[in-house]
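Let's take a walk through this structure, one piece at a time. Have a look at the sequence and the model first.

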Amino acid sequence: MNGDDEKVLDTYRSFLLLSEISGDQQLSQRELAKRLGIALGLVNSYLKNLVAKGFIRVNNFPKNRYAYLLTPKGFAEKSRLAYQHLSYFSGLYTVARQDYLKLFKGMAAQGVTSVAFCGIDEVAEIAYLSLKEAGMEMVMAMDTDKAGAKFFDRVVVTPAIGLLSGNHNIVITSFKRGEALREELLRVGVDPGRIYQAGQK
């Protein structure tokens, strides 16, 4: 990941945190980490940074509970980041939509009718649209971090569990974690010839 990508990811995480905090629920750091799919320590450092900038304030409750509240300055920052990321994600959407459509049409031409997804994030949702357009089916959604969550009509399972159901053609459906997911699949014994990545095969 280059410096520009790191910066985009950094501001995107700040935007997601501000968005979660602006909701009705009072969320602990652990809950925020779970919702955003990032480490607890990372959430802690982001929150400290956002407090220091005056975007959020902390309310103390008994039993060491904290509530994070957006300040007026924080609401303005959330709007600014939303606008900034809209242009970034419209670009991401276009690239991912085209890359996955090309991949799925190529697989369909080889007689493949169904695939398993590995890596569940915003890119996976775009990939799912391309999959449907190519007339194919998703038989499984796999992601160690999101196991138990719902992805369209499927419950997400870990790759180790997913592989027990047979040898599926697996499409990596995350740009950010593509290489890590590929390594995990190889580690649990997936044939490299059954692993597909958009723009690479």
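## Where two strands meet

Cys 118 stands opposite Ile 172 in E7. Strand E3 (residues 114–118) pairs with strand E7 (residues 170–172) in the parallel sense, over 3 bridges. Strands (at least two residues) and helices (at least four) are DSSP runs, numbered from the N terminus, and two strands count as paired if DSSP finds at least two bridges between them.

This is a predicted model: local features need pLDDT of at least 70, and side-chain atom pairs count only at pLDDT 80 or more, while totals for chains, interfaces and linings use all residues. Residues are numbered from 1 along each chain as its sequence is written, and side-chain values use heavy atoms, leaving out hydrogens and water.

## The whole sheet

Zoom out a bit: E3 and E7 belong to an open sheet of 4 strands, in the order E4-E3-E7-E8, with parallel pairing. Strand E4 (137–142) and strand E8 (195–197) are at the edges with a single partner strand each, so one side of each has no neighbour in the sheet.

## Helices on the sheet

Helix H4 (residues 72–109) lies across E3, E7 and E8, and runs at about 165° to E7. Then there's helix H5 (residues 122–133), which packs on the sheet, touching E3 and E4, with its direction at about 175° to that of E3. Contact means heavy atoms within 4.5 Å; angles run from 0 to 180 degrees between N-to-C directions, using axes fitted to C-alpha atoms, for helices over the stretch in contact.

## Another strand

Val 58 lies in strand E1 (residues 56–61).
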